[in-house]
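Hello,

Here is the structure I promised to pass on to you. Please open it alongside this email, and then read on for what turned up in it.

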Amino acid sequence: MRNILGVGAIILCLFFLAACGGSSADGGLSGPTISTIDALPRATSPMVTSASASVARSVEKAAATGMNLWTTDESFFDTNSSMSSCEALNTARESFGSAMQADMILCYVQQMSSAFTDLTDAAGDPVNVYDGAWHVMNLNIAECTTDADCSGDEYPEGATCNTTTARCEVDGVDVGHTPNRIKMKIVKNAAGSITDFTMYMCKYDDGVLTQNEYTNQTISGASFAMRALGFHSEGNGGVGAHLVDVDGTLNSSGAFVSREIVNRGMWSQDDHLSWQNGTLTQVEAGLYTYEGYNYGSYTDPNAQTGIYSNSLFAAAQILGDTSSDVSALALGDGAVLFEYSGTYDGQSWGPESGEEAWTGDNGEPVDPASSSDYYATAADGTIPVVVTDATFDTFIVFGANETWDCTDDVSVGIVDMPQFQEATINAACSEYVQSHDWINCWETIQQPLEPVE
């Protein structure tokens with residue numbers, strides 16, 4: 001969950017020891033040729049093993065396994081751990097997690113693309129989704145077969161299965177969490193390669209079709225850009241919003257030569273409200289820099305209230321980014337420039353600030369921090385300014401060209417899609433369903449403050 005200024009070109013050149021010259025942004029790469037929606041790259045598509053022959057680096061202390069972004073939890077850390085390794089893990093998983101959310105949306109539609117060649121309109125005429133025009137489709141995603149399928153956290157209490165529609169309902173109102181309608185346009189160039197894909201998603205909210213997602217992907221030669229934003233609610237009362245912009249350069253196989261993930265997110269449940277904003281930049285496989293923050297307010301089980309603010313600039317090793325399996329991503333060695341602060345029941349800590357480095361295989365501090373290969377880049381970074389007054393109405397907002405009222409366009413008409421099983425789609429897109437819960441680094445590693453008597 002984050003978005004902030006990108007890394008300066010000079011710093012990147014020094015960090016990665018890359019030649020910063022060149023006559024074009026994509027280094028002369030031709031980029032991929034893509035003719036069908038199922039072949040579109042995803043935000044977390046792998047990095048190429050070596051970005052270019054001019055890139056050279058020497059990392060003496062390189063982690064072997066690192067901290068897996070999705071499976072590492074609080075039990076990995078203790079009072080001997082580096083606080084910054086834990087916070088860096090939080091920020092890396094939020095950045096890649098936001099990109100995975102965009103990929104999940106694309107993956108869902110890609111799994112239904114097999115039906116695109118057989119679609120017909122109300123008059124029985126064939127529909128060509130690759131004609132560069134807008135197309136509106138009613139989706140038919142079967143979510144349930146029994147009431148038990150509607151009892152998860154994503155459904156409100158009392159939801160039951162309508163076995164006729166295979167959707168979860170409350171008092172006859174569809175409360176399913178999968179989309180009900182999409183509007184999309186696919187544009188190709190003269191060579192037949194996709195250059196633009198735009199899609200709006202809508203689902204029922206209190207019986208009314210309401211937009212909850214927007215995504216757009218453009219490919220121009222080797223240049224790639226993807227934007228996705230949306231809102232979601234959970235049956236347990238939680239609500240969230242996400243926004244991610246991914247820009248990069250692709251090789252002819254659709255792998256990233258360079259990538260920047262700018263992400264922003266917000267989440268609320270009961271008395272907990274939090275948001276984050278950051279930029280993760282990769283100019284070579286296996287390495288990244290990150291600049292961002294998270295901020296939140298909370299009430300703990302003892303009814304004690306507080307806030308926390310964590311901002312940092314990180315330079316670190318990332319493992320698994322050359323793999324097509326995003327579940328392999330792990331944080332390795334790294335260093336940060338940081339500022340942490342917070343309050344608890346009227347008491348406060350921080351702001352604590354400085355530089356810290358860690359080893360990725362055990363999360364322990366490097367002493368001195370300056371001996372880390374990543375220290376110099378982190379120390380030369382910039383601590384971002386933390387926004388402390390964000391709201392759902394201001395932090396993540398659909399732009400004018402990113403909104404749709406979910407009704408039929410008279411000139412377009414609505415096409416009914418054949419039924420797809422949610423379980424089948426979920427199985428095909430399961431790699432994007434990775435847990436990335438926020439770890440309470442302060443309570444796990446530092447001594448927590450005691451309530452005031």
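This is a predicted model: local features need pLDDT of at least 70, side-chain atom pairs count only at pLDDT 80 or more; totals for chains, interfaces and linings use all residues.

Residues are numbered from 1 along each chain as its sequence is written, and side-chain values use heavy atoms, with hydrogens and water left out.

**Helix α2 and the cores**

Helices (H or I, at least four residues) and strands (E, at least two) are DSSP runs, numbered from the N terminus. Helix α2 covers residues 83–112, and its end C-alpha atoms are 44 Å apart, which agrees with the 44 Å that its 30 residues should span at 1.5 Å a residue. That expected span is 1.5 Å times one less than the number of residues. Of the 30 residues of α2, 28 are buried, where buried means under 20% relative accessible area, exposed over 50% and partly exposed in between (1.4 Å probe, protein chains only). At the start of the helix, a side-chain oxygen of serine 82 comes within 3.3 Å of the backbone nitrogen of serine 84.

The largest nonpolar core has 78 residues, and those with the most contacts inside it are Leu69, Phe116, Met137, Met184, Leu331 and Met417. Helix α2 gives the most to this core, with 16 residues. There is also a second, separate core of 18 residues, including Tyr214, Met266, Trp275 and Ala390. A nonpolar core here is a set of buried Ala, Val, Leu, Ile, Met, Phe, Trp, Tyr and Cys residues joined through side-chain atoms within 4.5 Å.

**Disulfides**

How many disulfides does a search of the whole structure find? It finds five, taking a disulfide as a pair of cysteine sulfur atoms within 2.5 Å. Let me describe some of them.

Cysteine 86 and cysteine 441 form one, with their sulfur atoms 2.0 Å apart. The torsion about its S-S bond is about -85°, so this disulfide is left-handed. Cysteine 86 lies in helix α2 and cysteine 441 in helix α5 (residues 441–445), so the pair ties together parts 355 residues apart in sequence. Cysteine 86 counts as buried at 0% relative accessibility, and cysteine 441 is buried too, at 1%.

In the disulfide of cysteine 107 and cysteine 429, the sulfur atoms are 2.1 Å apart, and the link is left-handed, with -95° about the S-S bond. This pair links distant parts of the chain, 322 residues apart: cysteine 107 is in helix α2, and cysteine 429 is in the loop between α4 (422–428) and α5.

Another disulfide joins cysteine 144 to cysteine 161 (S to S 2.2 Å), and this link is right-handed, with 85° about the S-S bond. Cysteine 144 lies in the loop between β2 and β3 and cysteine 161 in strand β3, so the parts tied together are 17 residues apart in sequence. Both cysteine 144 and cysteine 161 are buried.

**Strands**

Two strands are said to pair if DSSP finds at least two bridges between them. Strand β7 (residues 194–205) pairs with β8 in the antiparallel sense over 10 bridges, and cysteine 202 has glutamine 211 in β8 as its bridge partner. The hairpin of β7 and β8 has two residues between the strands, and aspartate 206 takes a positive phi near 55° there.

Strand β8 (residues 208–220) also pairs with strand β9 (residues 223–233), antiparallel over eight bridges. Threonine 218 stands opposite alanine 225 in β9, and threonine 215 opposite alanine 228. This hairpin likewise has two residues between the strands, with glycine 221 at a positive phi near 65°. Next, β9 is joined to strand β10 (residues 239–250) by 11 bridges, again antiparallel.

Elsewhere, an open sheet of three strands has the order β3-β4-β5, with antiparallel pairing. β3 (160–162) and β5 (173–174) stand at the edges with a single partner strand each, so one side of each is left without a neighbour in the sheet.

**Histidine 135**

Histidine 135 sits in strand β2 (residues 135–142) and counts as buried at 9% relative accessibility. A polar contact of 2.9 Å joins its side chain to that of aspartate 131, and a polar atom of the histidine 135 side chain lies 3.1 Å from the backbone oxygen of asparagine 128. A polar contact is a pair of N or O atoms within 3.5 Å; within protein, one must be able to donate a hydrogen and the other to accept it, and residues adjacent in sequence count only if both atoms are side-chain atoms.

Best wishes
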